[in-house]
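Hi,

Here is the structure I promised to pass on.

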2 protein chains.
Amino acid sequence: MDKHRIKFLPLDYTYPGEHGENLLEIAMKAGVYINASCGGNGTCGKCKVRLIDGQVDSIRHPKIDESEYNEGVMLACQTNIKGDAVFEIPLESRVDRSILNRKKSHGALSAADVAQSLNSVVPELRLLKLYIEMSPPGLNDQMADAERLIRRLKEILRDKETKEINIELNIIKKLPHILRDSDWKTTILASETDLGWNIINIQKGDTTSTYYGVAVDVGTTTVCCKLIDLRSDRGIENRVIGESADYNAQISYGDDVITRIMYAGKKGGLKRLQEAIAGTIDRLIEDLIEKTGVDRTSISHLVAAGNTTMTHLLLGVEPRYIMISPYTPAFFNPPFATTKDVGIKAVDDVPLYLFPCVSSYVGGDIVAGVLSAGMADKEEISLFIDIGTNGEIVLGNRDWLMCASCSAGPAFEGGGIKDGMRATYGAIEQVRINQNTYEPMILTIGHERPSGICGSGLIDCLAEMILAGIITQNGRFNRDLPTRRIREVDNVCEYVLCYKEETRIGRDITITEMDIDNLIRAKAAMFAGCKVLLDSVGLSFFDLHNIIIAGGFGHYIDPIKAQIIGLLPELPSERFKFIGNSSLHGACLYMLSKRYVSQAVRIAGMMTNIELANNNRFMDEFVAAMFLPHTDERLFPETMKNHWQKNNFNDED
Amino acid sequence: MDKHRIKFLPLDYTYPGEHGENLLEIAMKAGVYINASCGGNGTCGKCKVRLIDGQVDSIRHPKIDESEYNEGVMLACQTNIKGDAVFEIPLESRVDRSILNRKKSHGALSAADVAQSLNSVVPELRLLKLYIEMSPPGLNDQMADAERLIRRLKEILRDKETKEINIELNIIKKLPHILRDSDWKTTILASETDLGWNIINIQKGDTTSTYYGVAVDVGTTTVCCKLIDLRSDRGIENRVIGESADYNAQISYGDDVITRIMYAGKKGGLKRLQEAIAGTIDRLIEDLIEKTGVDRTSISHLVAAGNTTMTHLLLGVEPRYIMISPYTPAFFNPPFATTKDVGIKAVDDVPLYLFPCVSSYVGGDIVAGVLSAGMADKEEISLFIDIGTNGEIVLGNRDWLMCASCSAGPAFEGGGIKDGMRATYGAIEQVRINQNTYEPMILTIGHERPSGICGSGLIDCLAEMILAGIITQNGRFNRDLPTRRIREVDNVCEYVLCYKEETRIGRDITITEMDIDNLIRAKAAMFAGCKVLLDSVGLSFFDLHNIIIAGGFGHYIDPIKAQIIGLLPELPSERFKFIGNSSLHGACLYMLSKRYVSQAVRIAGMMTNIELANNNRFMDEFVAAMFLPHTDERLFPETMKNHWQKNNFNDED
């Protein structure tokens, strides 16, 4: 469907909007400032606009009086668009700053783009699901059950140079019953080995009409699953049958990998963590089965990608030495495991393939991400960035790959920030600050009353505070501005984003100078990591063809804002690619084709890890990046010209 | 030590005896008839002899009176020889029959022979036990534990074209602790695969100075184990460190494979049988560990050989279809299993290799036996016979092998025989019958009071009854003989071997006409099976280079007696080879060298099974063999000449 044209007066600026899209969200994306402090849930009643022309769905709010209502005044957060429309922004919301010349989106892949990329993969599985009819035994053919099956399979596969077919004890235990109960008509599932095939499951009758796998992104915080249709028939319209996501149940035992590893060191800790993550995956698969009605026995295998610690914990392997110098995990290449080995009960005992890891802090999720991004196929050089507690970065092309992990700290996940929180309902995720009034416009996830501020909100807020001149380049507050929102509490300066009347938590939500310090450290670590990688191969940011931003979080980062604070290097917007949950997408690809399995192995093998801990060059770059955007302004020429010089410095002139 | 010369008067026959050997046993072996009806335990007081010259150890028995004692009279069963000696057999024991010109033994392999044959094998194991020192990780070498071990192992094995080294999940779980606790000095155990090596165990420090395996013969009735020294050092003097044997604990659930299979069909039956046999093996290994003081962690793997049913039950696999036509087991080639899979806890979780089976009734024990007999190496044609509940037979040479199983019935194991019993203490195992008085001379196992009669005793007894003219060629009693030992009870004719005063069971031990009928059926089935195999390749018994008698039971069969009853075909005595527990010996060989592993696989693959159930030619041969020795006397020319014509027929002349 075509997009609607939404025009904002008096700016005379038009921005596209989806049918049914919320007007406050459109304004936020368009960079049109509208007062809003309740996150979009309609309680503050500040985000008034007047409909000049067009059709909308809008709920009349008690804070809109009769005369306002008759003039077409409505709350932007309570208004969804139905067609082209023209709105007037009321005086109190107007800013004299021109709208930032923003791209209409961050160039993020849409869900449809992602699905399309999977649908276009021609399946070439390393699991064979095959219907087999056998002749029953007789006194003139007394071949045993297992050898009868192998004999028949060799006949069927004769053109494929089948060397060896192996049947495991667990399958042999089922054979006598299943073969006879099914009148010698069964469907087998076999995994390909270097020597031939290994039969890993057998089912009565012909079950080849359904064939699914579950791809899993095992995140430290969240776990996401996709149920994938694995049939090789042409004309499968949508390979993604269902999706489910939940918090990793290990969250109760610690926020990040370090606290998890420490918990694993306690008596029974490793077992509890193992059971927690297996339980989360189990419930997500149950959820998928329930939502889609897919028969659980038709799920043939799982592919999971996780960081090195999550991969260890899922397999129940000691993670302790990941966090102790010299940071060596128990393994890089996960051993073969099955769902039974880890205690996943929602499906039969089927293989659980895990992505290989590269180092203690560059794990299978990054390998899957690089696979998904396709950067190891191209001649052009890309920089892959996954921003989270540990910012992982990968630099390279089809010929070489360098990687590193920067201990950015948990600031971008809301950790170590006074009112920081995870990106969940009620988290402030977008912020604009009026450069004249210093009043904020905020949007929360789910448009609920604000409970705190999440990563993307923090980046927005930091950038907006800079642009509004609230803070200086070294992160100190400008205490002389005429706004009560900047204040000092217990000798700590802070900016009030929401007063307690508007929050869900019964107190003000603020950003303190210490929060800003933590954010600067986090962004400095990420940037310094990228710089060290580039320097190590004699390249500069301007040599990059693409910057690929991975992770669900990456979806919500505004690259302009990220450049303003110096988190992301400066490149034209079109060179930023936001690929979303590339770990999950990589797991889907790996599941669908052997080609991607080989590629994942190749990528993991190619990646050279640069250890940044105790690295002097990293420390130098880190210190240099502890400034907004950077002590070396030549790294951000356009940003300085377009934003800084227009704002802060103009103010100071 | 040289043997003593024992001379019997008035026969003037000299026979060698071991120092300390029992005189009644020497007489039995020598074919010298001495009255004896208590099995050798001194209660009947009949086996009187008089010492003419020499020194003996003898206990004076109350049934020897003062004057007899002064004349040198003693009980043979209470006398052990100390040097050359001359004895006079008293009148009541004398027979006018000349001593049969027997070989001094059946040519059976002695324990020393068996041990020697193992000691001469140059070990070439398919398990690698290797001490490995690794360099510890550092910031400039952050290789993960698993990959560090693999890297080092590849360096060490570099001249062996190592393609792939795999470490299983269970081992990876141990790695971080063991590597660090041992200061990166460990011993690994790896099994060879077609692709490389699979690391299956890891231990701290250097444990290569001890290296053991346990070979197991999983019999339906008894289970035997040998603890084998696997070190490849030259100069290992004795590879067999210890032996242990016990009844298969499954005995409580049935005497033979058929009753076991039926029991497995009951609720929980299969699990109980599986646990029973695993428990028996577990206890035998504990016993070996206790007896030898060997460290349980130095036992690296198990090799077991059993019949098809035992192999299924040990792995917990449904055996039902073994006994239902068309008799197809779940597998011929056992899948890979470990001690943990079957619940053996005396050792670490190490591989349990099982011999391949050929058909439902020709199992891994027979493959191991054929391997042990070496018949598949030779150009000459041999016949391998394992006499038991199911007599298994194998015919062939290095180029071809045919096999069959004859449902001989349990007669030779004492089953279906009124006073039949297993070969255990108190079982009558040797019988001679005086051809004039029809009085028996019996020896029991352990010289205990008789409780019944076992297989070898039954063969002896049947042959002796024929030679004494007690029964006719069709197994009917000659009711006219002047002896109270032949009598009729409830219309069934029987011969009394022991009167109740002399038995442990409080009643007479007898052989009935029905018993004889069962024995004839059993021997006819064995003989007919051999005949069918030979006929199928156009050979006769006279073409056989060897007849190899396997099984503990085979040790005690007298081939002359077996020929007299027509159980074994007629060949010169020297062509009979008694190889004892060849299943266990085969398992030892398989453990010691890859060469034997390949050979076992080759043998199992070569063996063509001839199904005798519902086989018309077998039925014809079976009927023809229901005669003593056979309806076709041309098959037993020497036997007829030497024994029958001298005895029964002479009597009738």
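Let me start with a question: which backbone nitrogen does the side chain of Asn307(A) reach? It is the one of Met310(A), at 2.8 Å. Before going on, some housekeeping: this is a predicted model, where local features need pLDDT of at least 70, side-chain atom pairs count only at pLDDT 80 or more, and totals for chains, interfaces and linings use all residues. Residues are numbered from 1 along each chain as its sequence is written, chains are lettered from A and ligands numbered from 1 in the order in which they are written, and side-chain values use heavy atoms, with hydrogens and water left out.

Back to Asn307(A). You'll find Asn307(A) in the loop between strand 13 (299-306) and helix 8 (308-315) of chain A; helices (H or I, at least four residues) and strands (E, at least two) are DSSP runs, numbered from the N terminus. Asn307(A) counts as buried because its relative accessibility is 11% (buried is under 20% relative accessible area, exposed over 50%, partly exposed in between, with a 1.4 Å probe and protein chains only). Its side chain also makes a polar contact with the side chain of Thr220(A), at 2.9 Å. A polar contact here is a pair of N or O atoms within 3.5 Å; within protein, one must be able to donate a hydrogen and the other to accept it, and residues adjacent in sequence count only if both atoms are side-chain atoms. Leaving aside neighbours within four places in sequence, Asn307(A) is in contact (heavy atoms within 4.5 Å) with residues including Val218(A), Val257(A) and Asp365(A).

Next, the two chains. Chain B brings 44 residues to the contact and chain A 43 residues. Between them they bury about 3500 Å², 64% of it on carbon and sulfur atoms; buried area is the accessible area (1.4 Å probe) that two parts lose on being put together, summed over both. Leu139(B), Gln142(B) and Leu169(B) supply 17% of the area that chain B buries against chain A, more than any other three residues. There are 0 salt bridges between chain B and chain A (a salt bridge is a side-chain nitrogen of Lys or Arg within 4 Å of a carboxyl oxygen of Asp or Glu), but 18 residue pairs are in polar contact across the interface, both at pLDDT 80 or more. Helix 4 (145-156), strand 7 (164-167) and helix 5 (169-181) of chain B are the elements that give two or more residues to the side of chain B that touches chain A. Helix 5 of chain B gives the most, with 7 residues.

In one of them, the side chains of Arg476(A) and Glu513(A) meet at 3.3 Å, N to O. Arg476(A) lies in the loop between helix 11 (455-467) and strand 22 (486-489) of chain A and Glu513(A) in helix 12 (residues 513-536) of chain A, so the pair ties together parts 37 residues apart in sequence. Glu513(A) is buried, with a relative accessible area of 12%, while Arg476(A) is partly exposed at 37%. Both belong to a network of salt bridges that also links Arg479(A), Glu488(A), Asp517(A) and Arg521(A).

Cheers
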